[in-house]
Amino acid sequence: MINWQFKRNSDRRSYEALPSGVYRVQIERAEEAVSASGNQMIQMVLNVLGHDNRVRHFITFSPKNRFMVNKALSEIYSSFDIPEGNLDEKTWVGHVGVAQLEPDEFHGRPYNRVAYFLTKPQQMKLGISLEESDEAVVEEEDEEEEYYSSRKPRRKSSFDCLYY
């Protein structure tokens, strides 16, 4: 018999979302799944380098929105240096890329979501090198801030509420 003193939520870790910014992230896990609407999808868990945070990200292969799916895949392929067209999500694990993370909240609990992934040209423009240390936040200058603030935020989905 196991000897354990159970106390509800006694070990619950408080989670603080990171501030809005550009972070280096590593794909810790990637798995094929099926969305609530029956579409194929890839669930990813991203480790934010230099921080004790993980972010979940989902790519849903919706036949009604092929343009957005291909755009999301293009960003991932470029940001993480994954060969274009590679849908074997298991081979994605361990790749490092760069993401714009935004803090959010679900039922009063904070989490981070990926607003978008920075492609290699965007990373080069900001002077980001993945060979650098695990220092995760990349300081943005006013010119770059203007570029990124002009992008439309990604529409939230029901999957954004899942966090670590």
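Helices here are DSSP runs of H or I with at least four residues, strands are runs of E with at least two, and both are numbered from the N terminus. With that in hand, the elements of the protein chain run β-β-β-α-β-β-α-α from the N terminus on, which comes to three helices and five strands. Bear in mind that this is a predicted model, where local features need pLDDT of at least 70, side-chain atom pairs count only at pLDDT 80 or more, and totals for chains, interfaces and linings use all residues. Residues are numbered from 1 along each chain as its sequence is written, and side-chain values use heavy atoms, with hydrogens and water left out.

Let's start with the sheet. Strands of a sheet pair through backbone hydrogen bonds, either parallel or antiparallel. Two strands are called paired if DSSP finds at least two bridges between them. In this model, five strands make an open sheet in the order E3-E2-E1-E4-E5, with antiparallel pairing. The edges are E3 and E5 (109-117), each of which pairs on one side only. From one strand to the next, the twist averages 45°; the axes behind that angle are lines fitted to C-alpha atoms (for helices over the stretch in contact), and angles run from 0 to 180 degrees between N-to-C directions.

Gln26 stands opposite Asn47 in E2, and Arg29 has Val45 in E2 as its bridge partner. The two strands form a hairpin with five residues between them, and Gly38 in that turn has a positive phi of about 95°.

Next comes the step from E2 to E3 (residues 53-60), where eight bridges join the antiparallel strands. Met44 has His57 in E3 as its bridge partner. This is a hairpin too, with four residues between the strands and a positive phi of about 85° at Gly50 in the turn.

How enclosed is E2? Seven of the nine residues of E2 (residues 40-48) are buried, so the strand is largely enclosed by the rest of the structure. Buried means under 20% relative accessible area, exposed means over 50%, and partly exposed is in between (1.4 Å probe, protein chains only).

The E4-E5 hairpin has two residues between its strands, and His107 in the turn has a positive phi of about 50°.

On to the charges. Side chains of opposite charge can pair when their charged atoms come close. A salt bridge here is a side-chain nitrogen of Lys or Arg within 4 Å of a carboxyl oxygen of Asp or Glu, and the structure holds four of them. One of them links Arg54 and Glu28, at 2.8 Å from N to O. Arg54 lies in E3 and Glu28 in E1, so this pair ties together parts that are 26 residues apart in sequence. Arg54 is partly exposed at 24% relative accessibility, and Glu28 is partly exposed at 32%.

Another salt bridge joins Glu31 and Arg29, with their closest N and O atoms 3.6 Å apart. Glu31 counts as partly exposed at 31%, and Arg29 is partly exposed at 31%. Then there is Asp104 with Arg113, at 3.2 Å from N to O. Are those two residues buried or exposed? Asp104 is buried, and so is Arg113.

Finally, the surface. Ile2, Trp4 and Phe6 make a nonpolar patch of about 480 Å². Patches take residues with over 30% relative accessible area and no salt bridge, joining like charges within 9 Å and nonpolar side chains (Val, Leu, Ile, Met, Phe, Trp, Tyr) within 5 Å. Trp4 lies in the segment before E1 (21-34) and is exposed, with a relative accessible area of 64%.

For the chain as a whole, the accessible surface comes to about 10,500 Å², of which 49% belongs to carbon and sulfur atoms. Such areas come from the Shrake-Rupley method with a 1.4 Å probe, and for residues only the protein chains shown count as cover. Buried residues make up 39% of the 164 residues.
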